[in-house]
Amino acid sequence: MSDGYFGIHGGQYIPETLMNAVLELEQAYDHYKRDPGFQAELTGLLNNYTGRPSLLYFAEKMSRDLNGAKIYFKREDLNHTGSHKINNVLGQALLAKRMGKTRVIAETGAGQHGVATATAAALMGMACEIFMGKEDIDRQRLNVYRMELLGAQVHAVTSGTRTLKDAVNETMREWTRRVADTHYVLGSVMGPHPFPTMVRDFQSVIGREVRQQMLQQEGRLPDALLACVGGGSNAMGLFYDFIAEPEVRLIGCEAAGRGIDTAETAATMATGSPGIFHGMKSYFCQDRYGQIAPVYSISAGLDYPGVGPEHAHLRDTGRAEYVPVTDDQAVEAFEYLSRTEGIIPAIESAHAVACARKLAPAMGKDQILVVNLSGRGDKDVAAIARYRGEQIDE
Amino acid sequence: MNKLQQSFSNGKAFIPFITAGDPSLEVTEQLALQMAAAGADLIELGIPFSDPIAEGPVIQAANNRALAAGTTTDKIFAMVGRIRKSSRTPLAFMTYMNPIFTYGTEKFMQSCQKVGVDAVIVPDVPYEERAELAPYCAKYGVTLISMVAPTSNHRIRMIAGAAQGFIYCVSSMGVTGVRQEIGSDVEQMIELVKEVKDIPCAVGFGISTPEQAKEIARFADGVIVGSAIVKIIAQHGASCVPYVVKYVQGMINAVK
């Protein structure tokens, strides 16, 4: 058995052609995560390029309105490029550079990971190619143009369901074609080992900052942490530092689409079953013969039929809870947060906001809820308008 | 002599691949029987998967056609049972881990034994994860085929050491599909395997012409051809059988 298991989940289920590349990555990551020079360079970039630490903002008006727990937002939306994705991308691009790679490739769903990868490639002078489902390209045109502005080449993926899962397939295929000079910047806590561990480590800065900021602002740890989960990188980043604090509830909010009792859903924890796909053993939306289901969510970033293996393990052990949030609930939360706090969240993050709206009123006023605002919503404005029956040009 | 040894006992082996259920299981059954009659030494049957990450566009499309036609693992087992009534040519399943795992790995291998599938090739299970399959393969007498790739380098020793039946040598980088040029590394790859173990080596990925097949057969024990056959099936649909058989005969002549 390979390394990189979380309970029964994880592993390295990839073609032989990629094995040496993945093992080389594993070794390089093991080395550089302990290398003070590498860590100093990464911290420098996170502070001076991304703008970390990101704010932990007390949403006073929303807390008053919901009349329950105090709600704090971890403002990953204020990062350079507009989401948490940049934390992981800077780490991987720096690592790829140290490994002598000159080209990076990546999948993207909503486009945020693609934009972050294109940004890091521009900064570090690397060639960059992004694979994006044709359907997502149509949903997220602005982000496509943004990636091209940054010097990346964007490939439309027309196989399968033409969304995030197919973009991952195509990026893996491209990696088997050309692996010697190329690093695959995987965007979430998924795929073969070491990606789930490495991406979680690069994102865990979110939770470490929350702990410190919470102790400064409230003098204690929060009662619950909320984050949206597609593959699960912003959630793992927020949760990781608190796994050993059993009194802190960890809640992942997955995309239910039109509802978990319909076929148009992407809620893997609620509707999926164990499987082995995209390099990992975990939970997947699939039929009884193991054919991966064509999932659906209004959010291109959560429109994925699997979930990272560490989340699968947190669910198995009962350490984290996972709740489904529908399109309707997410869109309402998107509008609510815009009006109530003057913050337009990414539609992905709006799934966690929707969950907070339900949870906060049931909690005491002395309790504290932290919601990861993983990205900003500018990219979603036109799609939400369409959802509400209004046609506006992007 | 087990059935896989039989595949490599009649000179160089020719190993055609088709996706089961493309365009229908009835056609797959005919193709398998007639390719066997034409002298194919081992037939690879692909169990279609929604997301075949090691395949190029040609076999991806075949997977989609087969699934759209309602092909399932159970129906494929039933078809193999029918093939086995009149043909003893060795058969291997080629599929991905998820269809096997979701079916139940033990139940899958038990069914292979029951209907007479001799081997499985699972491209997303590398050496490190073979424990997922190997115990069940051993229990039900199904040979787990190992793959080596142009990037395997020092891993070849380890992979060959544990290999059974034959070794599937991936000729070049990337996914399946017809190629103009086959990499020259594959000959060296086979030499490395043979240093460790005297086991047949069959080469696949990219081979389509009799000239290429002849050249590969110079140093390999077998030649695997998939995309070129699947292309003929895509072109002729339900009436593809005679066209495929003619192509396969030509390839067998080139290899032997």
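Q: Before we start, what counts as a helix or a strand here?
A: Helices (H or I, at least four residues) and strands (E, at least two) are DSSP runs, numbered from the N terminus. This is a predicted model, where local features need pLDDT of at least 70, side-chain atom pairs count only at pLDDT 80 or more, and totals for chains, interfaces and linings use all residues. Residues are numbered from 1 along each chain as its sequence is written, chains are lettered from A and ligands numbered from 1 in the order in which they are written, and side-chain values use heavy atoms, with hydrogens and water left out.

Q: Thanks! Where is T163(A)?
A: T163(A) is in the loop between β7 (153-157) and α8 (164-177) of chain A.

Q: Is T163(A) buried or exposed?
A: T163(A) is buried, because its relative accessibility is 4%. Buried means under 20% relative accessible area, exposed over 50%, partly exposed in between (1.4 Å probe, protein chains only).

Q: What is T163(A) in contact with?
A: Leaving aside neighbours within four places in sequence, T163(A) is in contact with G133(A), E135(A), D136(A), R139(A) and D303(A). Contact means heavy atoms within 4.5 Å.

Q: Switching to chain B, which residues of helix α8 are buried?
A: In α8 (residues 155-162) of chain B they are R155(B), I156(B), I159(B) and A160(B). They line one face of the helix, because they fall within an arc of 125° seen down the axis of α8(B); the arc is that of the directions from the helix axis to the C-beta atoms.

Q: And what covers them?
A: The cover includes α1 (16-32) of chain A, along with β6 (146-148), β7 (167-170) and α9 (185-196) of chain B.
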